[in-house]
Amino acid sequence: VSRPFRALPTNVASALELVFRRPEQVRSVGALAAAAKTTRRSLDRCLARAGLSPARTLLSCARANAAYHLLAGGSVRKARVASLVGCASARSLARELRAVTGYPASAIPARLSRDDFAAVLRQRLVRSASAPVTISGPY
């Protein structure tokens with residue numbers, strides 16, 4: 001995954017670093033584009049050229065990554081995890097986690113080891129060669 005990130009312009013790479021380090025600070029694709037000092041459309045084109053998934057997918061993966069580590073600890077409630085990772089509610093976090101991993105939030109730490117979870121994220125972050133490039137979405 002690190003090779004496609006190295007191909008990104010500095011402003012985009014630093015915005016993505018912010019998303020993965022502090023996902024609660026970037027709550028939408030528009031905010032991610034603003035952090036990268038570009039438009040949403042330009043951000044998605046830049047990511048596509050680097051072989052990465054669209055910004056919405058990257059944002060979901062960043063939230064899932066932070067949530068995985070919090071849920072694996074077992075002492076934090078799902079509603080608190082949702083607020084810590086930048087989701088509006090525990091329900092929206094559960095939808096994102098299921099979309100990224102294929103598992104419900106309660107089963108993720110039990111069913112996915114750290115290595116398996118990292119493999120799932122890697123698969124979601126890197127655009128497959130056969131996937132069509134689309135620059136649209138609800139955000």
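The questions and answers below concern a predicted model of a protein chain.

User: How many helices and how many strands are in the protein chain?
Analyst: Read along the sequence, the chain follows the pattern α-α-α-α-α-α-α-α-α. The count that goes with this pattern is zero strands and nine helices.

User: Is V19 buried or exposed?
Analyst: V19 belongs to helix α2, which covers residues 10–21. A residue counts as buried when its relative accessible area is under 20%. The value for V19 is 1%, and therefore V19 is buried.

User: Which residues is V19 in contact with, leaving aside its neighbours within four places in sequence?
Analyst: Contact here requires heavy atoms within 4.5 Å. With neighbours within four places in sequence left aside, the residues in contact with V19 are V26, L32, L58, L59 and A62.

User: Why do the buried residues of α6 lie on the same side of the helix?
Analyst: Helix α6 spans residues 78–85, and its buried residues are V81, A82 and V85. An α-helix has 3.6 residues a turn, so residues three or four places apart point the same way.

User: Which helices do the buried residues of α6 pack against?
Analyst: The residues concerned are V81, A82 and V85, the buried residues of helix α6. Their packing partners are two helices given with their residue ranges, namely α5 (55–73) and α7 (90–101).

User: What is the phi of G86, the residue that follows α6?
Analyst: Helix α6 ends at residue 85, and G86 comes after this helix. The phi of G86 is positive, near 95 degrees.

Conventions. Residues are numbered from 1 along each chain as its sequence is written. This is a predicted model: local features need pLDDT of at least 70, side-chain atom pairs count only at pLDDT 80 or more; totals for chains, interfaces and linings use all residues. Side-chain values use heavy atoms; hydrogens and water are left out. Helices (H or I, at least four residues) and strands (E, at least two) are DSSP runs, numbered from the N terminus. Buried means under 20% relative accessible area, exposed over 50%, partly exposed in between (1.4 Å probe, protein chains only).
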